[in-house]
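Hi everyone, thanks for coming. I'd like to walk you through a model, and I'll keep it short.

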Amino acid sequence: MKDKNKKIHVFKSEVKELLHLMIHSLYSNKEIFLRELISNASDAIEKLRFEKLYNPEKYTKNTYIPKIQISVKKTENEIIISDNGIGMTEKEVINNLGTIAKSGTKSFLNQMKNIKNQEKNEFIGQFGVGFYSSFIVSEKVSVYTKHASAKKTESGILWISEGKGEYSIEKFSTKEHGTKIVLSLKPSEQEFLDNWKVKQIIKKYSDHISIPIEIDNYDKKTKIISWEKINEAQALWTQNKNNIKKKDYQEFYKYITHDSEKPLTWSHNTVEGNQEYISLLYIPKKATWDMWHRENKHGLKLYVKHVFIMDEATQFLPNYLRFVKGIIDSQDLPLNISREILQDSSITNILRKTLTKRILKILHTLSLDNDKKYQKFWNIFGLVIKEGLAEDSENQKIIANLLRFSSIQVGSEEQTLSLKRYIDNMVKGQNKIYFLTSDSYKSALNSPHLEIFKEKKIDVLLLSDRIDEWMMNYLTDYNNIKFQSVSKADDSLKELISNQNNNNDDKKIFDNFIEKIKKILKNKVKDVRITYRLNNTPAIVLTDTNDMSTQMAKIFSAAGQPIPKIKYILEINPTHPLVKKIQKIDNELEFSNWIKILFEQSVLAEKGTLENPHIFINRLNTLLLQ
Ligand code: ADP
Ligand code: MG
């Protein structure tokens with residue numbers, strides 16, 4: 001029998017395409033239909049609130065208690081989602097539910113054709129398919145709606161579709177405004193006909209929607225239906241800071257991270273103006289097990305207008321801050337944002353910049369206020385922070401302030417010395433920050449390069465983390481003071497030292513000696529000279545200012561990279577008994593052997609290896625026998 005009242009409409013072509021895609025289900029993540037319908041309901045309520053504020057004359061003046069209600073009707077095979085929001089007029093129903101208003105839908109659908117099947121799932125999910133996602137689980141969807149500005153006596157609009165190309169529209173009589181969506185579930189989707197399951201999904205996605213979401217519980221004995229509020233209905237981060245207890249913040253951290261420990265510190269900010277957003281950022285006490293895995297998941301939970309959008313939105317933090325946990329709730333991003341779009345969004349970029357600055361500030365403040373706490377942080381996350389020097393040149397200065405080092409004066413392997421304190425302790429005339437990179441703290445501490453520094457009480461940073469050599473390529477100065485590797489040639493050190501002891505006579509006396517050495521070593525060395533750096537060691541090798549350091553060369557060769565051969569500068573300590581002895585040797589062959597030994601042992605001390613160890617040993621044995 002034909003209903004005169006009922007009109008049949010055909011979907012616009014792109015709706016058909018989208019429906020087809022979804023129904024022939026690419027979807028592994030079916031449950032998001034609830035999220036989409038709830039966030040539509042929440043939008044409708046927000047719109048009504050707004051309308052009532054700006055066009056009060058159109059609406060009746062009653063107290064308005066917004067709510068979203070869900071009923072699971074097992075026997076009828078239905079899930080019902082209703083809201084008392086703004087509702088829709090007939091025209092709006094046709095426009096909103098018969099077409100896709102989303103910009104970029106076309107290009108989205110085109111892109112879909114080019115990607116692999118298994119990736120489509122995720123892709124669709126990220127696009128935010130909105131209302132149409134209800135067809136993933138439903139064989140029929142009925143929408144009962146009435147606009148809030150309609151008179152009590154006016155009828156509402158009933159929209160029905162099976163998601164197959166057409167929909168019908170008819171009138172129905174109702175006094176209430178708002179929207180009720182009845183999903184008639186497919187036989188294969190019966191699992192959703194379960195209060196517990198529905199509650200769980202809502203908790204997961206919509207817990208922090210600020211509007212109460214209720215589910216009905218039917219008591220078979222008393223035959224009474226009672227409504228149970230499922231969500232918190234007020235997100236922690238949207239509450240006034242002054243009303244939030246320390247314990248609440250800590251519990252919330254545990255809830256979002258599944259960390260059993262309390263966070264080290266956190267920062268909660270509500271920002272208005274150009275970009276409106278709320279951020280709640282936590283610094284954990286310990287690293288997650290996968291912090292060093294490439295495929296590690298990290299990032300912030302993203303909300304848009306209090307609606308949960310995605311976990312692990314990595315776009316808001318640079319990689320070196322991957323240990324930070326928390327939430328960003330933006331007012332400006334669209335609800336249906338995908339990861340791809342997020343990546344390129346200018347809003348995202350602005351947010352990343354401000355959040356990065358904020359986190360660095362939290363850490364800097366912590367380092368100033370609470371040395372002990374900061375030290376804990378540094379011991380665990382210091383290595384990651386060091387990556388920031390290369391990754392984030394814009395914030396290099398503040399990152400440099402966060403660094404902690406071991407040094408001669410620190411006297412232990414623990415990295416506790418800040419650059420600021422290093423500078424405060426510089427000796428008179430010192431205008432460089434000296435450092436030594438090495439394989440281990442022990443080998444750094446015992447390096448002959450440190451002899452003069454130890455003697456003159458000039459501190460040297462001792463760097464032995466694997467990343468350090470690489471990091472020092474990016475860290476060239478601090479507060480306009482240059483960094484200087486003590487294993488490299490450096491004229492200013494000579495000045496600093498010779499200011500303190502005037503022993504220039506040595507040089508002339510040894511000129512002849514040096515010339516002889518040069519003739520023996522020839523192009524094995526870049527230069528030979530008298531040292532001012534040594535006490536207990538007869539000789540040392542240095543790399544030239546612009547040459548690759550030994551430590552860097554080691555890293556390169558460990559990574560299988562070709563490296564230019566390093567030519568060292570050999571420095572001789574004229575006060576050492578061995579050197580004095582060699583100097584007196586007349587036999588040319590013996591002299592030459594001694595010089596080669598001197599050079600090779602210096603290289604050995606520097607690199608830890610020799611190209612031809614057996615030649616060195618033979619030479620040494622010969623000399624030992626003499
Ligand atoms: P989006 O929410 O991204 O706009 P949807 O497909 O989810 O896209 O919804 C399409 C449109 O349908 C919405 O923009 C809104 O105008 C309308 N709509 C959907 N659900 C409701 C509802 N519960 N109340 C009022 N209008 C709704
Ligand atoms: Mg929507």
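This is a predicted model: local features need pLDDT of at least 70, side-chain atom pairs count only at pLDDT 80 or more; totals for chains, interfaces and linings use all residues.

Residues are numbered from 1 along each chain as its sequence is written, chains are lettered from A and ligands numbered from 1 in the order written, and side-chain values use heavy atoms, with hydrogens and water left out.

Okay, rings. How many aromatic pairs does the structure hold? There are 22. By a pair I mean rings of Phe, Tyr or Trp (its six-membered ring) with centres within 6.5 Å; planes under 30 degrees apart are stacked, over 60 edge-to-face, and the rest tilted.

Take Phe-11 and Tyr-132: that pair is edge-to-face, 6.3 Å centre to centre, with 80° between the planes. The two residues are 121 apart in the chain, with Phe-11 in the loop between β1 (7-10) and α1 (13-23), and Tyr-132 in the loop between α5 (117-127) and α6 (134-137). Helices and strands here are DSSP runs, H or I of at least four residues and E of at least two, numbered from the N terminus. Both Phe-11 and Tyr-132 are buried, where buried means under 20% relative accessible area, exposed over 50%, and partly exposed in between, with a 1.4 Å probe and protein chains only.

Now for another geometry. The planes of Tyr-434 and Phe-453 are at 55° and their centres 5.0 Å apart, so this pair is tilted. Tyr-434 sits in strand β16 (residues 432-437) and Phe-453 in helix α15 (residues 451-456), so parts 19 residues apart in sequence get tied together. Tyr-434 and Phe-453 are both buried too.

The charged end of Lys-180 sits over the ring of Tyr-144, 5.0 Å from its centre, and that of Lys-516 sits over the ring of Phe-591 at 4.2 Å. The rule for "over" is NZ of Lys or CZ of Arg within 6 Å of the ring centre and within 35 degrees of the ring normal.

On to ligand 1. Which residues come nearest to it? Of the 11 around ligand 1, they are Asn-40, Asp-83, Asn-96, Phe-131 and Thr-179; "around" means a heavy atom within 4 Å.

For the side-chain N or O atoms, Asn-40 has one 2.8 Å from an oxygen of ligand 1, and Asp-83 has one 3.0 Å from a nitrogen of ligand 1. Thr-179 puts a polar side-chain atom 3.2 Å from a ligand 1 nitrogen. The cut-off for a polar contact is a pair of N or O atoms within 3.5 Å; within protein, one must be able to donate a hydrogen and the other to accept it, and residues adjacent in sequence count only if both atoms are side-chain atoms.

As for secondary structure, α2 (32-54) and α3 (90-98) each give at least two residues to the shell around ligand 1, and α2 has the largest share, 3 residues.

Last bit. Ser-367 is in helix α10 (residues 346-369), buried at 7% relative accessible area, and a polar atom of its side chain lies 2.6 Å from the backbone oxygen of His-364. Leu-445, in helix α14 (residues 441-445), is partly exposed at 24%. That's me done.
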